[in-house]
Amino acid sequence: MFNKILVANRGEIACRIIRTASKLGIATVAVYSEADRNSLHTRLADEAFCLGPPPAVQSYLNIGAIIEVAIKSDAEAIHPGYGFLSENPEFARRCVDAGLVFVGPPADVIEAMGIKSRAKELMERAGIPVIPGGYISAMSKSERSQLAESIGYPLLIKADLGGGGKGIRLVTGAQDLEEAVAAAGREAASAFGDASLLLEKHVTNARHIEVQVFRDSHGNCLHLFERDCSMQRRHQKIVEEAPAPGLEAKVRDGLHQAAVKAADSIGYLGAGTVEFLVSNDDHFFFLEINTRLQVEHPVTEMITGLDLVEWQLLVAAGEPLPLRQQEVQCNGHAVEVRIYAEDPERNFMPSSGRIRYLDEPSPTGSLRIDSGITIDNLITPNYDPILVKLISHGPNRDEALKTLVAGMRSYRLAGLTTNLNFLQRLLASETFKAAQHTTRTIDNDLEQSLAIDSVNLETAALAGLYSFLENREILRSAVSSTPDPFSPWSGGSCFRLNHENIFHCRLGRGEEILEIEVTEDPLGIQVKIEDTIFCFTDLMLSGQVLQCRQDGRNRTLHCHRDGHHLTLFIDGRTEIFATLTENDWISALSGAADSLRAPIPGNITEIFVADETEVKKGEPILVMEAMKMEYVIRAPADGRVVAVLFAKGDSVQERQRLAQFEAYAETEEESDESS
């Protein structure tokens, strides 16, 4: 076994690898970018070295710098985790050339499986069913069109290299083909450094089922059962479970056998995941092989009781697999959710900011928390927005879900927006509870799923109540030093001469602005919003915890104030409000917050118009890239782009105006139609 390894990654996966290595008595070396100097993984490791500036290409993708650190620190092996260089054959080769062990399969296997067109060809030869399609980057427009028509819509455009949901576009008709090809190519080039694309038949109403395989250098190969990863957004998984619910036994066995056959046919080594699409008539098709540890590997660990990172290190050290196939047991059920820094209400736009408040539930034998964050960590747009994973285990699916939901309800984070509320609604949906979800469930039901997030007046009233009590405490503190005990200013009652005894505030949430009035009398406090009055009694404010009684019902909420932002944790939900100043309110009402501002910090990757260009509503103006995702900024109305304010390659900050835009006045016909 190794004495020391370098972990060429960051965040929760780096922390997770370091913990297993430490358990095995292996010393660890962490690497980090300047943005991650104080991140958790740098403190868990025995040694930590800076690679360079925040951009991944100058740090976590800098092969030379990583290998130099490994040699300097006397590491014997490099574990790449997932993402970044984990599926880069050049990195694997250069590790070997430098006398280091790469914890993963050989470079030629990574290379073959990393090119989807090549992988499909090899699987087809091995007798494993593949999805109809073809490589299209070398084709002309007419040839692409002919291939698309021969396969039939809907289709998927996919990056030939890479994974993680990047460089994928769904095409439902011929009119959208070329725009999808261009967008997928740009995103693939940005994420993987290669714009090569595949076109495939889109298997509708399919489930995404993957099989965990392991193979050692002695020719032993086995599977560790399967995972269902069908709950996805933007082709990226957010809920995973093992084993896959509702699969027919013959389909399950067929998937296991096909996965082992696939690994054997290419001389695989280490941990790998063979991914399949399963149609609603129980036919399955090979999708790809991920030549690394998967984000969702914990659910497999929970049902098998095995440590997959430990197995990876054993196999990389040349040792045989610890168990035979018949010795691997599947016990109970496990479910995982990925908590991302993103805003589902803004089309899952990544969120950045500093973690100001963090209260994670305590891990137990049935609840696991894979986290790479701590209080005061800065979440930047440079990397994937995953923050933490919650994984539960139970004797059956229902019990595992109950444990997971309880863990989610007690997870509290403030400082940026996450998908935690959205995940809770997904798990509570009848479709998920009945295990009838497919890869298209979120897209098909998105509007219905998000509708529940409109402002709840009762929650807003509690936010107003907290703001009032917080303001009163500030006033009492300010006047407590008054020397005259008989002065009306020393009472701390918020009384002001010639002022009505009403507290006013404005709260913003998304596009909504709420006017709130708070009054106090001997019987309690009344909060008025939109002609609705909420009454609260028996109040107790202790720090950031507010307890009160509403219509006989006891309420407890945790609150966190960060400047103008107020985060409430109530009934298992996280609600974020902005306390608006007069200028903020006027700006919002006047529509100054237009769609030609940067939705998130990022880089300009494409510009489609010049100054003084006339555009129609919905036409693309420019493209931004942030957190490995592409965002097309479109014209909000028919009008004229007066000036583009940035050039291709420029960096922009959130809310910066990207272009000066002049909307044309509506015609009488348009006005009539909209009224």
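Okay, let's begin with Glu-612: at 48% relative accessibility, this residue counts as partly exposed, where buried means under 20% relative accessible area, exposed means over 50%, and partly exposed is in between, with a 1.4 Å probe and protein chains only. Glu-612 has a positive phi of about 65°, although it is not a glycine. You'll find Glu-612 in the loop between strand S32 (602–607) and S33. Helices here are DSSP runs of H or I with at least four residues, strands are runs of E with at least two, and both are numbered from the N terminus.

A word on what we're looking at. This is a predicted model, where local features need pLDDT of at least 70 and side-chain atom pairs count only at pLDDT 80 or more, while totals for chains, interfaces and linings use all residues. Residues are numbered from 1 along each chain as its sequence is written, and side-chain values use heavy atoms, leaving out hydrogens and water.

Back to the backbone. Most residues other than glycine have a negative phi, and most peptide bonds are trans. Asn-205 is another non-glycine with a positive phi, about 50°. Asn-205 sits in the loop between strand S9 (197–201) and strand S10 (207–215), and with a relative accessible area of 40% Asn-205 is partly exposed.

Now the cis bonds. The peptide bond from Tyr-153 to Pro-154 is cis, with omega near 5°, and Pro-154 is in the loop between helix H7 (141–151) and strand S7 (155–159). Ala-242 and Pro-243 are also joined by a cis peptide bond, with omega about -10°. Pro-243 belongs to the loop between strand S12 (236–242) and helix H9 (249–265).

H1 is mostly covered, with 10 of its 13 residues buried, including Ile-13, Ile-17 and Ile-18. Just after H1, Gly-25 has a positive phi of about 80°.

What about helix H4 (residues 89–97)? Its Pro-89, Phe-91, Ala-92 and Cys-95 are buried. Down the axis of H4, its buried residues fall within an arc of 165° (taken from the directions from the helix axis to the C-beta atoms), so they line one face of the helix.

Last stop, the cores. A nonpolar core is a set of buried Ala, Val, Leu, Ile, Met, Phe, Trp, Tyr and Cys residues joined through side-chain atoms within 4.5 Å. The largest one has 67 residues, and Ile-5, Phe-214, Ile-238 and Val-239 have the most contacts inside it. Helix H11 (residues 308–316) gives the most to this core, with 6 residues. Apart from it lies another core of 30 residues, among them Ala-126 and Ile-209.
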